[in-house]
Amino acid sequence: MRVIAPAESFSKKFGESLRRRGIERLNELGLEVSFGKYVDEPGPFKSASREHRLEDLHEAFEDDAVHAILSANGGSSANQLLKYIDYELIKKKPKIFCGLSDITELTSAIYTKTNLVTYYGPHFTMLGASDHLGHVLKNMKKMFFSEAAFEVQNSD
């Protein structure tokens with residue numbers, strides 16, 4: 001799984017211990033985690049440059065070793081990528097793409113232009129910073145590793 005920051009980069013508050021925790025949780029699901037080159041780059045809107053965010057997105061889809069892409073965060077700058085995305089690349093190399101909040105702009109555009117089913121699910125920062133994720137992780141495992149339909153149950 002490649003973690004990229006198509007909107008906000010990781011903040012300084014999201015330190016190494018939280019990053020390790022997020023990695024461990026994904027490893028427990030059987031996922032090997034890598035990061036885009038620019039997930040830590042600060043800039044306007046707390047984001048890397050548009051070009052760098054786009055480069056990370058395209059490299060994640062291009063890389064045959066990457067089978068799923070997870071957003072680092074949400075953020076109001078995701079919409080800056082929409083008219084520059086290589087949708088033909090995404091059609092040729094479809095992968096799981098997951099995020100929420102303002103990343104919905106990207107998931108909706110990707111689905112609309114490529115027919116790739118995208119996922120509304122947690123950001124990487126949520127996996128590192130949240131304490132109560134058992135229900136979320138259980139559903140992520142079903143969603144990413146099973147072809148069978150399942151009904152998402154409310155958490156306790």
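What does F35 count as at 25% relative accessibility?

Tutor: F35 counts as partly exposed, because its relative accessibility is 25% (buried means under 20% relative accessible area, exposed over 50%, and partly exposed in between, with a 1.4 Å probe and protein chains only). Before we go on: this is a predicted model, with pLDDT of at least 70 needed for local features and 80 or more for side-chain atom pairs, while totals for chains, interfaces and linings use all residues. Numbering runs from 1 along each chain as its sequence is written, and side-chain values use heavy atoms, leaving out hydrogens and water.

Now for the neighbours. The whole structure holds 7 aromatic pairs (Phe, Tyr and Trp rings, the six-membered one for Trp, with centres within 6.5 Å; planes under 30 degrees apart are stacked, over 60 edge-to-face, the rest tilted). In one of them, F10 and F35 have ring centres 6.2 Å apart and planes at 65°, so they meet edge-to-face. F10 sits in the loop between β1 (2–4) and α1 (16–28) and F35 in strand β2 (residues 34–35), so this contact ties together parts 25 residues apart in sequence. (Helices, H or I with at least four residues, and strands, E with at least two, are DSSP runs numbered from the N terminus.) F10 counts as buried, because its relative accessibility is 7%. Ring pairs also join F10, F14, F35 and F124 into a cluster.

For a second example, take Y119 and F144: they are edge-to-face too, 5.7 Å from centre to centre with 90° between the planes. Y119 belongs to strand β5 (residues 119–120) and F144 to helix α6 (residues 134–145), so again 25 residues separate the partners. F144 counts as buried at 12% relative accessibility.

The charged end of R50 sits over the ring of Y84, 4.0 Å from its centre, and K113 lies over the face of Y87, 5.5 Å from the ring centre (the rule: NZ of Lys or CZ of Arg within 6 Å of the ring centre and within 35 degrees of the ring normal).

To put all that in its setting, the protein has 6 helices and 5 strands, running β-α-β-α-β-α-β-α-β-α-α along the sequence. Its C-alpha trace spans about 40 × 35 × 25 Å along the principal axes, and buried residues make up 45% of the 156.
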